[in-house]
Amino acid sequence: MATIGNNNINAKLVLLGDMGAGKSSLVLRFVKGQFLEFQESTIGAAFFSQTLALNDATVKFEIWDTAGQERYHSLAPMYYRGAAAAIIVYDITSKESFEKAKKWVLELQKQGNPSMVTALAGNKADLEDKRKVTLEEARAYADENGLFFMETSAKTAVNVNDTFYEIARRLPRAQPAQNPAGMVLSNTPAEQSKASACCS
Amino acid sequence: MELHDLCDDPYYAASQRQGSASNLSCDSDQMRDVNEFELVYSKENVAIHPSQYASERIIGRLRIIKQSSSLFLTWIPYRTASNLVGTTGRNLSSSVSEKDMNLYTIKSVPLTNIHSIRRHIPTIGWQYIIVILSSGLAFPPLYFYNGGVREFFAILKQHVFIVRSADDANVFRLNDFQDSLQKSLSSLELPRALSVANGATLHHSPSAVSAIDNSERENGIASAGVSTASKHSGKKKYKVPDPAHDLSVQVLEKFSLVTKLARDATTQIFREIQDTRSPLRDKKLQSSPFPVTTVSQLDYRTNNNTRTKPDDIEGIPVDSKFVRSFVRGKKMKLPLTREEWRTFLGREGRIVDSTTLRKRIFYGGMENDLRKEVWKFLLGSYDYDSTFAEREYLDSVKKSEYESLKSQWKSISETQARRFTKFRERKCLIEKDVVRTDRSIPYYEGDGNPNVTILRDILLTYSFYNFDLGYCQGMSDLLSPVLFVMRDESDAFWSFVALMERLGPNFNRDQNGMHTQLFALMKLVELLDHPLHDYFEKADCLNYFFCFRWILIQFKREFKYKEIMQLWEVLWTHHLSEHFHLYICVAILKTHREKIIGEEMDFDSILKFVNGLSGNIDLDAVISYAEALCITAGEHGAACIPPVMQPRWHEQRMENKAITTSESVDMWKTWKHRFSLVVNYGWGRQFCLRILNGRKKYS
């Protein structure tokens, strides 16, 4: 869930998608500005964090990068549970990876948090000559399912940061009525926020 | 061949030198004094088990002696063949050395220094006691082979004030005086000996300190505090010290090598036993009669005043940091050389003593050019008992077997492949992974590298050889160093097959294999570092998923390429434990416990931190530390680890055999019983239930 304090939003984001679609590459491009031609496979999961400054808020993404193979699918709920956002990644040169992406969308619709901001990323957009999934096909699917869609390239950095920025913009802003447990009133939080304000 | 154990350590050496120095300093009068003692109690056949193997034992005599109105506890190993040759007739000189015996010897501990003694009288098996000193140090369990623990306490009662612990009927406290007057009177009796146990006086023992100083200069480790103190006292080396004082220091010194760890383990075991009895875990914890951890370990809960504070042991080198740095500092040997390897080969090429060989490899690995041959033994492709000729024959048979396996998929035509989705999918998965496996290693780098193709071919052949398991991410990581070493497709394939026989369960689709491993890891951390376990519990991290990668691909991503080959051969020796990789996990976690706890890391941060350790782990130090932990945990550690889950393809075979299956259920039940499993931790319990439910199908 996105947690909100002043204009700071902490948002858990999870990357899902077929193996080799480029999940880790997208994260590394976004977090470190790097691209490795032979990015090693993710075993288990990897965790990254990156902060984005928008006009109205600062969004700190806590990013879970998961292993893609079907075999490790049973671990995925652990990572997407409680996520405020998800990027479902497929490889535009692989029809199978697009089908896999659709399965992930279905799973998130069933199991995930209903207010989750979900993006569909058609990665490896630099490999135009090997394209197997058309832009139109993917866009139509995304529209049908209310997903935010972009074709990306971790290699050339096209649309990578844009995807994360767009997710950050779509994250729900302050929703004061959302605390079901009620509000605990005390002096300390105010003092703390004051203290953090002058430190930052 | 030289044995590598705690005694090889500079600190042990220091205590040995210290011992000889104090002998020098003893004048004849004192020698006479030492001989004038009254025997209060003596018990034959009392043993220490230095390792988890009951076959490795040191048998000796336990005594209580009275000397100038003070009582001392001693345990001296027999200097006879019985300690060097086990009852089974197996020559144990390889495992129990003279040095081991010296290390474990309890020369003379004043009873006033003993905090408590725990007795353990099982209906089946050996009775034993664990002696815990006021400083919090514990001696390893003393097994009474001929029984008689009750008699021991009966005699003890006649001579010292003993109180049974209110928390545990099997714990007896000595020197536990409610009355402060009595306490101070008591401490007046043996002020110096007492002070030794209570700390800070190590610095006052000149010989001990200068010995440590020497070893420090040689090894450049240990705390600066001790070092400074020693410089001041170095000149007084031969000044006559108090014998009781010196003996205690000597005992403490030796045991500080092992007992901090042993104490942690034993106290935690006690707590565990208490925990299983009472749901009021925290209450028990607070009233635990044992100083559970050292001050530094308790830093994160310093606000918790209700907890029994450990004795003030500042200034004495038994602090956890000290012990850790000591254990870490232990040097591995140089890798096994070809010359050395030849000495293990008997006539016709049989391995004469595989135990010693495995032990040798455990401490230092082997030179790279030996790996191709020796790995096949470690992985079980070759029998230790095979001859050169048999192995050569085996290789050629296996080579043609590999070729025929490979031809199964090689012969699939494109038209056939179009109608064979499973095959296409697998090939695609494998191809995606091999091109990104260790491409920075020269052996695999560059476009169109033929070795990458060999990786693919082996993995594809394996997925036909073991069609049920198929290809799983992580396998390419496991195969890469194997092919690098074997430099031959067939050899690499069969070695990989042998490796997967061990690791296969980790790749089960339902992740049960991994869950079992992570669960065992949780139990081990609980046993070996209870505060860290408590922290993980509080932080909701008991699923240990941050160690998933470590275990699944056996630390492949955590170490440099050269190092991983050494670590793997160490793991494959199965010296000490076939689950040594779990102790490696505990060792790494414990190495960073202060940071994890101090920074109050949550699950995300721990995962990030743990992944970030990649390439920054000191291999030799971690192996040494894990070794110490494994020895400390002993059979209690082994009991943490459930019987290895069978890989799926084995299970399917078992479904057809009712007896075998029920046997496996029994195995599981036995383990569960042994551990009297009380799983109160979220998914841990669910997981266990899941396994049990899953198993019910078969029973």
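Tutor: Helix 16 of chain B and helix 21 of chain B are roughly perpendicular to each other, because angles from 65 to 115 degrees count as roughly perpendicular and these two helices pack at about 90°. This is a predicted model, and the angle comes from its coordinates. Helix 16 covers residues 388-410 of chain B and helix 21 covers residues 489-503 of chain B, and their axes lie 9 Å apart. From helix 16 of chain B, the contact is made by B:Lys398, B:Lys399 and B:Tyr402. From helix 21 of chain B, B:Ser490, B:Phe493 and B:Trp494 take part. Sorted by class, the contact of these two helices has 3 nonpolar, 1 polar and 2 charged residues.

Chain B has 699 residues, of which 45% count as buried. Among contacts in chain B with a separation of 6 or more, 73% are between residues 24 or more positions apart.

The strands of chain B come next. An open sheet of 9 strands in chain B has the order 4-3-2-1-7-6-5-9-8, with antiparallel pairing. Strand 4 (106-110) and strand 8 (162-164) of chain B stand at the edges; each has a single partner strand, so one side of each is left without a neighbour in the sheet. On average, neighbouring strands of this sheet are turned by 30° against each other, direction ignored.

Within that sheet, strand 1 (residues 38-48) of chain B is joined to strand 2 of chain B by 8 bridges, and the two run antiparallel. One residue pair to look for is B:Leu39 with its bridge partner B:Ile65 in strand 2 of chain B. B:Ser69 counts as exposed because it has 8 C-beta neighbours inside 10 Å, and the cut-off for exposed is 12 or fewer. The C-alpha atoms of B:Ser69 and B:Glu38 are separated by 9.3 Å, although the residues are 31 apart along the chain.

Helix 5 (residues 149-159) of chain B runs at about 150° to strand 1 of chain B, and the strands it lies across include strand 1, strand 3 and strand 8 of chain B.

Chain B also touches chain A. Here 19 residues of chain A are in contact with 23 residues of chain B. Strand 3 (residues 45-53) of chain A gives the largest share of the chain A side, 3 residues. That side divides into 10 nonpolar, 6 polar and 3 charged residues.

In chain A itself, strand 5 (residues 85-91) is mostly covered, with 7 of its 7 residues buried. Buried residues are found on both faces of strand 5 of chain A, with A:Ile87 among those on one side and A:Ile88 among those on the other. Strand 5 of chain A is joined by 5 bridges to strand 2 (residues 8-17) of chain A, and these two run parallel. Strand 5 of chain A also pairs in the parallel sense with strand 6 (residues 117-123) of chain A, over 7 bridges. Together with helix 3 (residues 95-111) of chain A, strands 5 and 6 of chain A make a right-handed β-α-β unit.

Methods: Residues numbered from 1 in each chain as written. Chains lettered and ligands numbered in written order. Predicted model: local features only at pLDDT ≥ 70, side-chain atom pairs only at ≥ 80, totals over all residues. Axes fitted to C-alpha atoms, helices over the stretch in contact; angles between N-to-C directions. Helix = DSSP H or I, 4+ residues; strand = E, 2+ residues; numbered from the N terminus. Parallel < 35°, antiparallel > 145°, perpendicular 65-115°, else oblique. Contact = placed C-beta atoms within 7 Å. Nonpolar A, V, L, I, M, F, W, Y, C, P; charged D, E, K, R; others polar. Buried ≥ 20, exposed ≤ 12 C-beta atoms within 10 Å, placed from the backbone. Pairing = 2+ DSSP bridges. Right-handed = clockwise from strand over helix to strand, strands pointing away.
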